[in-house]
Amino acid sequence: MFIKHAQFTSARKSGILQAGETAIRAIPPAFPLDATVAVNPFLGQVNEDLAGASARLARVAGVNLTQPRKAHFDDIQTGRIGDEDLTAALDASSSPLKPGNLETLKDRASQPAREPKTASTIAELAATASGIDWPSVISRTFGLWASGHFDRGQALWTPAPDEGAFMAWRAWASRDLTPEIAGLSGFCSHVSAAPDTAEQAVLKTTDTLGLSIAAAETAFHRLLIDLGGWAQHARWLLWQAELNGGTDATLADILAIRLIWEEALLTRFPEINDQWKEEISAHEAPLSASGDQVVDAILQEAAERAYQREIVSKLGTSNAGLKRPAVQAAFCIDVRSEVFRRALESQSAGIETIGFAGFFGLPLAHTDHGSDVVENHLPVLLKPALTSTSQGDKKAEHKERVGRRVLRAFDRFRQAAVSSFAFVEAAGPLYGLKLVGNAIGMSGKKSGRSPVPHIDPDLGAETKVEIAASVLKAMSLTKGLAPTVLLVGHGAQMTNNPHKSAYHCGACGGYSGEVSARLLASLLNDPETRKGLPAKGIEVPSDTRFIAGLHNTTTDNVTLYLEDCGRSGTEVRSLEKWLEQAGAEARTERALRLPGAKAATIASRAMDWSQIRPEWGLAGCAAFVAAPRYVTATADLEGRAFLHSYDWQTDEDFKTLELILTAPMVVASWISLQYYGSSVAPKVFGGGNKLIHNAVGGIGVVEGNGGNLRPGLPWQTLHDGKALVHKPLRLSVLIEAPQEAISTILQAHPEVETLFDNGWLHLFAMKEGSVVSRYRPGGAWSGEEHLKRAA
């Protein structure tokens with residue numbers, strides 16, 4: 001972030017710095033590979049509607065924020081999008097540019113939209129003038145520097161890590177002759193003569209470039225977009241710093257760096273000055289959606305209303321809950337668990353499943369067995385409140401640490417510049433056998449069992465009861481508990497995949513849900529905890545035992561941690577059989593969607609180092625439902641819905657509803673919008689081609705041997721080679737609760753209310769399993785008759 005100094009007090013300087021700050025906030029964060037979580041790529045545009053954000057990103061990135069019109073038109077032709085959907089979407093639009101009637105809208109849908117025109121950078125103008133691809137030169141040289149500067153331990157040698165990005169880059173660039181060899185003579189001297197601080201550099205270069213205050217915001221945003229994932233990584237550094245009450249200037253430094261490049265190129269190629277002035281004028285023009293962008297937003301709305309009609313028609317309306325089930329199984333709300341929950345419930349009428357955020361209400365900072373790394377097992381919107389560890393016996397810990405250090409030393413010997421040659425000569429034949437094993441799917445490491453995790457320091461009895469009561473109330477588990485309550489976290493098994501953590505639990509910060517499930521099970525089995533729960537109004541029968549499990553979403557196997565709770569295999573034989581049969585059914589269903597897969601080969605795909613689609617992850621996600629299970633129990637939601645169990649009648653003061661709307665629902669919206677952004681604008685928000693990925697610095701991936709970091713989801717996680725598997729739809733949120741309670745919570749959390757007011761999410765209120773009203777921008781609700789026609 002910029003810090004305004006006393007010497008910069010003029011209105012222009014203040015305006016320029018504010019424009020820089022705004023441009024920085026327009027960039028979404030990108031989390032590193034070890035804990036990748038989905039991020040809303042439109043985080044900086046949530047105060048605009050879809051058409052307005054489309055206008056902005058067309059200018060700064062040259063992308064549309066909706067599917068090509070042909071996709072919508074094809075759905076209109078096949079009847080997937082009906083006239084009622086188009087009419088309702090047209091009525092919902094408040095734009096004066098919208099088509100006047102249904103026939104005009106359908107006619108516009110049959111015609112391709114104009115390609116968005118992005119504003120040109122000086123680098124692009126100079127490339128046209130000189131025949132030298134300056135954007136690529138900048139991308140390669142900046143990427144080479146950034147991969148070393150931001151390295152998180154992957155590189156064998158790294159620059160001084162404590163130096164700020166701007167000063168570190170100046171030291172590098174003043175000696176890097178690559179730009180001069182490419183044709184930018186005097187670049188090293190130009191960098192050396194630059195101001196000492198990023199703020200001064202921004203002010204100086206802005207004056208040199210002739211940027212007005214009116215033009216600066218989108219011009220700066222354009223330059224940051226130009227650096228791809230590097231800018232998003234820097235935004236993550238700011239996100240992390242602010243979460244801990246601090247700040248970070250890295251992204252401001254990067255903006256200054258990019259402006260110095262622009263200044264040097266304009267100085268070197270003065271003949272492009274008139275063209276650059278035209279670009280400044282384009283940046284000064286007020287942002288407003290075009291007629292095409294309005295039409296595209298209406299068609300997108302119509303596609304979402306078509307899906308809403310489909311899901312609403314599947315919801316149940318009769319409460320046939322069990323008096324006391326034999327087994328209750330609580331799964332993460334992740335859409336992949338919807339398939340497994342249906343399969344498990346089909347095994348016996350005595351099984352009931354529950355949906356709850358996969359960190360199970362425990363905001364943990366966890367240290368794993370044999371590790372010094374602190375892992376935040378909680379949604380990234382929250383801060384850890386508890387610390388835990390899987391470390392135990394000192395002798396075993398020492399052995400584990402030594403083993404890991406030996407492996408690190410071995411890897412460094414294998415990769416180092418000189419010793420790598422000796423390694424190839426000595427180990428080549430053995431590694432040939434290893435490669436053969438990898439090629440036939442024998443390389444994957446099978447999931448091992450970590451020691452039992454424990455909260456450290458230990459909690460007092462009162463604290464245990466408070467935490468347990470809070471979690472059980474949030475899960476609507478205050479009475480009628482089964483003899484066996486299964487708490488199932490989830491994780492993914494795959495090999496040779498730098499984005500592996502993205503398949504883990506988003507509610508656990510990109511880590512497996514095993515630790516959270518095991519800790520909660522231990523807490524709820526603790527005699528001190530159980531003794532204090534009746535005073536909190538919670539009835540836990542004496543024969544109830546909580547068992548932790550881990551759902552492997554790649555293989556659909558469930559591991560039970562029976563040793564944690566003292567249950568024997570004999571006591572849970574039926575449960576293990578049900579889980580095994582449910583896994584087989586889930587694999588059969590999932591295999592139909594995975595290219596080249598069969599139910600029998602699902603597990604082996606997890607071990608195959610060449611497999612680019614070990615599973616689909618959360619592709620297809622489209623809805624979030626917070627309601628009792630009976631609302632969705634009879635519905636096949638095709639693995640597309642986040643299912644959160646919620647009973648508003650037991651929710652005192654609607655505190656649980658508030659938690660749902662401000663945490664798990666927001667996390668689900670980030671996931672949905674990341675899949676959306678990676679699908680409709682893969683050039684800017686996608687992760688590129690898996691086949692040519694190289695991991696860089698433990699941060700992210702580049703395509704090939706350098707250049708810009710690629711944020712977002714790889715194309716193979718969205719596309720099966722013929723068509724998109726993920727249908728890009730904004731999330732539809734269905735809540736069984738009084739609309740007055742929902743409105744009150746939204747008013748108390750304007751950052752969440754904005755998501756609905758500007759159409760980034762759709763919101764419905766339900767009663768007894770039926771949708772009764774739709775939220776409208778500004779806080780109004782439409783009645784049931786409207787929904788019968790449009791939803």
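Q: Where is P457 found?
A: P457 sits in the loop between β6 (454-455) and α20. Such labels are DSSP runs numbered from the N terminus: helices are H or I with at least four residues, strands E with at least two. The model is predicted, so local features need pLDDT of at least 70, side-chain atom pairs count only at 80 or more, and totals for chains, interfaces and linings use all residues. Residues are numbered from 1 along each chain as its sequence is written, and side-chain values use heavy atoms, with hydrogens and water left out.

Q: What is the peptide bond from D456 to P457, cis or trans?
A: The bond from D456 to P457 is cis. Its omega is near 5 degrees.

Q: Which residue has a positive phi although it is not a glycine?
A: D556 does, with phi at about 60 degrees. Look for D556 in the loop between β8 (545-552) and β9 (557-560).

Q: How do I read the packing of helix α20 and helix α21?
A: Two packed helices are described by the angle between their axes and the distance between the axes. Here α20 (residues 461-474) packs on α21 (residues 514-525) at about 115 degrees, with the axes 10 Å apart. The axes are lines fitted to C-alpha atoms over the stretch in contact, and angles run from 0 to 180 degrees between N-to-C directions. So α20 is roughly perpendicular to α21. That label covers 65 to 115 degrees; under 35 is roughly parallel, over 145 roughly antiparallel, and the rest oblique.

Q: Which hand has the crossing of α20 and α21, left or right?
A: α20 passes α21 in a left-handed crossing. The near helix is turned anticlockwise from the far one by less than a right angle; clockwise would be right-handed.

Q: Which residues of α20 and α21 meet?
A: From α20 come K464, I467, A468, V471 and L472; from α21, L520, L523 and L524. Contact means heavy atoms within 4.5 Å. The α20 and α21 contact has seven nonpolar residues, no polar ones and one charged. Ala, Val, Leu, Ile, Met, Phe, Trp, Tyr, Cys and Pro count as nonpolar, Asp, Glu, Lys and Arg as charged, and the others, Gly among them, as polar.

Q: At what angle do α4 and α16 cross?
A: Roughly 130 degrees, and the axes of α4 (residues 83-92) and α16 (residues 291-314) come within 8 Å. That makes α4 oblique to α16. The crossing of α4 past α16 is right-handed. α4 brings E84, D85, L86, A88, A89, L90 and A92, while α16 brings I298, L299, E301, A302, R305, A306 and R309. Nine of the α4 and α16 contact residues are nonpolar, none polar and five charged.

Q: How do α6 and α14 cross?
A: At roughly 30 degrees, with the axes of α6 (residues 122-130) and α14 (residues 250-268) within 9 Å. α6 passes α14 in a left-handed crossing. I122, A123 and A126 of α6 touch R258, E262, L265 and L266 of α14. The classes are five nonpolar, no polar and two charged.

Q: How many cavities does the search of the whole structure find?
A: It finds 11 of 30 Å³ or more. A cavity is a set of points on a 1 Å grid over the protein atoms alone where a 1.4 Å probe fits but cannot get out; lining residues have an atom within 4 Å of a point. Points are joined across faces, edges and corners, and volume is the space filled by probe spheres set on them.

Q: What lines the largest cavity?
A: The largest cavity holds about 350 Å³. It has 31 lining residues, with A502, H504, G506, L618 and I671 closest to its centre. Helix α27 (residues 664-680) gives the largest share, six residues. The lining has 19 nonpolar, 10 polar and two charged residues.

Q: What lines the second largest cavity?
A: Its volume is about 290 Å³. Of its 26 lining residues, A30, F31, Q674, P711 and G712 are closest to the centre. α13 (229-243), α27 and β13 (700-703) each give two or more residues to this lining. α13 gives the most, three. The classes are 15 nonpolar, 10 polar and one charged.

Conventions:
1 Å grid on protein atoms, 1.4 Å probe; cavity = no way out; pocket = protein on both sides within 12 Å on 5 of 7 lines; lining within 4 Å.
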